[in-house]
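Hi everyone, thanks for coming. Please have a look at the structure on the screen while I walk you through a few places in it.

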Amino acid sequence: MGPVRLIFMTWVDARVGYAKPANTPTFAKREVRVRNMPRSATSTFRRRRKTKQRRERIRNWISDIRDVAQDADDVIETFILKVDTPKRTGGLLSRCRYLPNHLYHLNKVGKEIETIRARLEDIERSRDRFGIRNLGEGMVLPSGRLEDVEWRRRLAHWQKDKHVVGLKEDVELLLGKAVFDERKDLFVPTIVGMGGSGKSTLARIVYNHGDVAAGFDRRAWVCVSSDFRPKEIIKQLVLQLLEPAEDKLKVVETMEKLEVPSLQQMLHQRLQGKRYFIVLDDVWEDAHWEFLANAFPHEDKASRLLLTSRSRDIASYAQYVHEMKILDLNQSWELFLNKAFIDNGKCPKELESIGVEILRKCNGLQLAITVVGGLLAKQRQSNSGWEKVLKEMNSHLGRSGSSVSATLELSYHNLPPQLKSCFLCLGFFKEDAAIRAEKLVQVWIAEGLIPEGGGEETMEDIARSYLDELINRNLVQVNDMSKDDRVKTCHVHDLLRELSIRKAKEEISFEILTEEANSQSLNKPRHRAVYYNRERVMVYSKNQNKHLRSVFFYGTGDFAGTPSYWTSFELLRVLDFEDFGLRVLPDAIGGLIGLRYLGLRNNWIRELPSSLGLLINLEVLDIALNHYVKVPNVIWKMDSLRHLYMSKKIQSDTPLKFDTLKNLQTLTVIPVAQWTPGNPTQMTSLAKLGISLKEDSDVTKLCASLAMLENLVCLNLRKNGFFGRLPWSLDGLGVLHRVTQLKLGGKVTTLPSANNFPPNLTRLTLVRTKLDQDPMPVLEKLPKLLYLKLDKDAYTGEEMAISGDEGFPGLKSLCLSSMWQLRNIRIGKGAMPELRRFEIYGSPTLEINVLKQLRLMNNLQELKMVTVPEFASKLRGEYAHFFSDIPSVDIIAK
């Protein structure tokens, strides 16, 4: 059925992609000249009216095509699921049993295709009637693959956004008048400005300022947003205010049982007697602020509640109002150069005049400048390319009336088709959510938006490159990066999310359902986000569910639904309950045979139904962070699984079978008792594996089994439980020739010798290993090691030594985190010659001694320190000369 779908979609792309109105529609009625209007004005009025009518006709015509395309996709998908999929579940007898069913559906799909063909012919005739001509006739549509490969080759490397322009005066003013003024009571300043003016950026700079971090006992940041959920907001604040020794899981369990008034009291008690600095970002309504205000103590502690809002009504509650100013032309130009010319920040002379004109259209708004800079960075640096952008900006500006909206619309319009589809999915996620990149790309794949890879390139690799490109275009922002510069989490500016939602509603029938009375379901929705609480259950008729491809549940509740409710989702591909509080997964879930992504992370599910084995098309099953969940031995039936995320405390009556899963790439984390593959050589795709060990586990025997996995590159071995040690001998690791990434977690008596580590190891992480002997004499001899992280008392001694000349010959990144006992590192001359990034979290005594040796590291490009506020101030002052030659220095007080 693939070629049928491809041919149909090619026809649609040809018509939609090249459709433009003819100059003079033959059916246009003669317009009556407006009385008392000058002739020139009449002519302009008539022209604009005709243009508006033509655009409306084109929109309707494209909408008709889109409806037919979606219905055709429904027909094809239904046929595949009801005929092809059942045949995969049995042998010859089973296929014979399904033959009558096959003939019935074949006849049915034939009739539906005839109906669709008749609708297409009617649309074709209407194209002629409406005067819409096809500029693409006779042209061969490009496959997109060559272009796709080309732009993915020229991806630029990005870093966290450090191009903050025009805010220095704002920061000083806000600190002086609103944060460190002489008021001793609770003070409420507010930053007000239009969307895209930089309110949150300014608040974030103030929040992370070293003096702010040092001057307050407690700090927290929460986004309120238009979708006001007080319980979730208060829970987020409480979790940020936990004491280091508190059990986060127990606090979460307690909060789940409390109503809002009790949660307010809980927050109040945690802040009482403390000097606190809280940011409530993006407050939309005065009622929202009034509701939250009662949770904060009003004491003479000089605490501060900083609000940001687009609404001036909120400002009436503030004791100090800071209004955002737009950037002047010089500031706009500085920011523009940083975004449009990533390599050198210089604009060719012949483009300067056009660039200035483009900037005038941005009206000094930071978001507009940032996004248009990303757009121009993808254009050829030529007058014609930039003039095209300017012309399109004028066109969009005339329709939207807002410089930000016009710029965002233009950036979306200029995306390649594959990126447009991916951008539309960003509206599925919650406002201001930190989106896991791993999850985002898997959703894209499950939605069918990513082409098959070729050679060693997987669909995940292609999806990652799409995400990189959206980031390079400044349409997605990076939250966290891994040590090898891969995106871990990202987020979307609220205005860009609004654009994504608006376009998704227009183009892919996306809907958002809430508990509000005016929340109505579309006639034929294809994608849905449900914001739910346990007070109201939103169940819609079968006809409203049967076209859905994806459903995302948000809020709190343990709604399981009736069997008929779940079986109505005939074509569902993506179902996500992450962080929802779900306790029961109904047995009827097995009826969703088209499901490709099932997200159950961080819930309270105690047992998975055996019907899960019927989901033979499932590609991602995420049950991580469900404690003590019982899993039936049916995983082996899901032969399409690519990623399986489990919990180290899963339970099962018999060991689970995995070795039949030839497509499985990720399996993490499972108890060592569950790793009993009869023939691991069948798991030809497994690249990432996490195993929880016992103290008596035989690592040598385990590694001999793992060595048979021909594509295993990433291995995580951890101790089950906080106490106890990993097995006394880890020498068996040396047989893992393909493993390049290794993480060891839990107490270790001694490390293996350098020869008994995986010989091709490039990344190593030690967590809570509590080594009492200096690990550096062993680790510095690993010849291919590029990234090393020692975390949470990986070593309990006071001093480490790295040999000169020979120590860590290729190491590029070193991270030391929470090494509480460590006092000094002796670094020999010539050690770590390739080190580019050095990170230290905690331990001020260590930091002082290390700083004195930084001058020995000639190639160091980036230094990051997270330390206590008092020491952070010294690093910015009297110790600053130690790292004055390092290009990038980031000191964070915490």
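Let's start with Thr666: at 5% relative accessibility it counts as buried, because buried means under 20% relative accessible area, with exposed over 50% and partly exposed in between (1.4 Å probe, protein chains only). A quick word on the source: this is a predicted model, where local features need pLDDT of at least 70 and side-chain atom pairs count only at pLDDT 80 or more, while totals for chains, interfaces and linings use all residues. Residues are numbered from 1 along each chain as its sequence is written, and side-chain values use heavy atoms, leaving out hydrogens and water.

Thr666 sits in strand β18 (residues 666-671); helices (H or I, at least four residues) and strands (E, at least two) are DSSP runs, numbered from the N terminus. Which residues does Thr666 touch? Not counting residues up to four places away in sequence, they are Arg642, His643, Leu644, Tyr645, Leu686 and Lys688, where contact means heavy atoms within 4.5 Å.

Now to the nonpolar cores: sets of buried Ala, Val, Leu, Ile, Met, Phe, Trp, Tyr and Cys residues joined through side-chain atoms within 4.5 Å. The largest has 112 residues, and Leu575, Trp675 and Phe838 touch the most other members. Helix α25 (residues 699-706) gives the most to this core, four residues. A second, separate core has 77 residues, including Phe341, Ile358, Leu496 and Tyr645.

Ile358 is also among the buried residues of helix α15, together with Leu351, Ile354, Gly355, Leu359 and Cys362. Just after α15, Asn363 takes a positive phi of about 55°.
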